[in-house]
Amino acid sequence: MGGIERAIAMEKIDTLVIGAGQGGVATREHLRAHGIDHVVLERGAVAERWRNDRWASLKLLTPNWMTRLPGHSYNGNDPDGYMHKDEVTSFLTHYAQRINAPIRSHAPVQSVTHDGEKYRVESGAGTFHARTVIVATGAGDQAAIPGWAGRIADRFNQVTTRDYIHPGQIGPGGVLVVGASATGVQLAEELRVAGRDVTIAAGRHMPLPRRYRGRDIMSWMDEMGTLSETRNPDISNARTLRHPSLQLIGSTPQRDISLGSLARLDVRPVSRVLGAEGGKLLLSGDLRAEIENAEARTKVLLSQIDAHIENAGISAPVQRNGVRSHFVPDRHETMDLDRAGIRTIVWATGFRRDYSWLKVPVLNSLGEIRQAGGITDMPGLYTLGLPFMRRRNSAFIDGVGQDARDITQNLAAYLGAQPFSQAA
């Protein structure tokens, strides 16, 4: 199709899926099972975010055997290993090819509007009229940096986890990693092992042993249904997203990572950063309380695993129930970046979504889509792949397939007997 023809092309379609990551490709199988005509639009290539928006050494936190999508799962020779990001890209690409997903690559969506009857989607692949739209753009595409970060003096470099690739790109001087999620602790460790002086600012978190009572911790959580547990619809999305960040690392041989393991590498843990002015940071000063709360949360989960083992009569070696930091937390409430020798700040504070192209009234005051379990206020508009959307593992490769099934069932009922693409 020529450039002019492509620009004016218009297609009628029952369902338009935006995003060809794990959510978008998982939806394909369920839409096909319902006989729903659909197209998947992708801004780049399949698994674009895994391909180009992740740091070089990233591996999944879940073991390979948990890499499962509708009708397909990992079948390699290392089921207990952890996929590198490039392997994830390959896995999703091959899956999309195997199921013959109708993907239009390098077709970014420019706008989605609604005329009261159908959705009009303008994209790099032309214009589409669709009765239903599934927004499967993932858990986040913009780094969530606090507004006050702009008050930090220009002499300090600021890097997000979308920008960070490897330690060699970070300039001289000490590094402050803000955020102690799995990403934050892994980057702090990587930078320290590379010889950098590293400080990490930690808020709510939850350290988990990589192995517990003879198994990967994820194996117990999977068997118990902890990860696939449906969320309470009475709990708001904002409250759900405040769930503590897990501290885990996918590595061979298996090992633990936590503030305690970082402290043993001479990484300096400090409390949450609340604000900044020039070269001074305001800290919460409550790191000791955060660590105590984190260890209590971990103890609860491990006790639940112990109870499951006993109730099911499973033979499993006894292991000490608990994770201890074994270091004295810093109580300071301020930090002088110059005095600490810090020259670079790495923001590992999560992501937010950019829906500037979504021109329908479904966004809340924070710019997030108002949705309950993926069903929005707008008839025929759905979301997929958001954290804790329907289950704890909604944003996992292993969990998005279940959500795709549920969303597609609702969508099929909405479309009814006469699909838009077959209507007169």
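Which hand, left or right, has the crossing of H2 and H4? The crossing of H2 and H4 is left-handed; the near helix is then turned anticlockwise from the far one by less than a right angle, and clockwise if right-handed. The model is predicted, with pLDDT of at least 70 needed for local features and 80 or more for side-chain atom pairs, while totals for chains, interfaces and linings use all residues. Residues are numbered from 1 along each chain as its sequence is written, and side-chain values use heavy atoms, without hydrogens and water.

**View 1. Helix H2 against helix H4 (residues 85-98).** Their axes cross at roughly 25° and come within 10 Å. (Axes are lines fitted to C-alpha atoms, for helices over the stretch in contact; angles run from 0 to 180 degrees between N-to-C directions.) H2 is therefore roughly parallel to H4 (under 35 degrees; over 145 is roughly antiparallel, 65 to 115 roughly perpendicular, the rest oblique). Gln-22, Val-25, Ala-26 and Glu-29 of H2 make the contact with Leu-92, Tyr-95 and Ala-96 of H4 (heavy atoms within 4.5 Å).

**View 2. Helix H2 (residues 22-33) packed on helix H10 (residues 397-415).** The angle is about 45°, and the axes lie 8 Å apart. H2 is therefore oblique to H10. The crossing is right-handed.

**View 3. Residues joining H2 and H10.** From H2 come Gln-22, Gly-23, Ala-26, Thr-27, His-30 and Leu-31. They meet Ile-397, Val-400, Gly-401, Ala-404, Arg-405, Thr-408 and Leu-411 of H10. Helices here are DSSP runs (H or I, at least four residues), numbered from the N terminus.

Terms used. Helix = DSSP H or I, 4+ residues; strand = E, 2+ residues; numbered from the N terminus.
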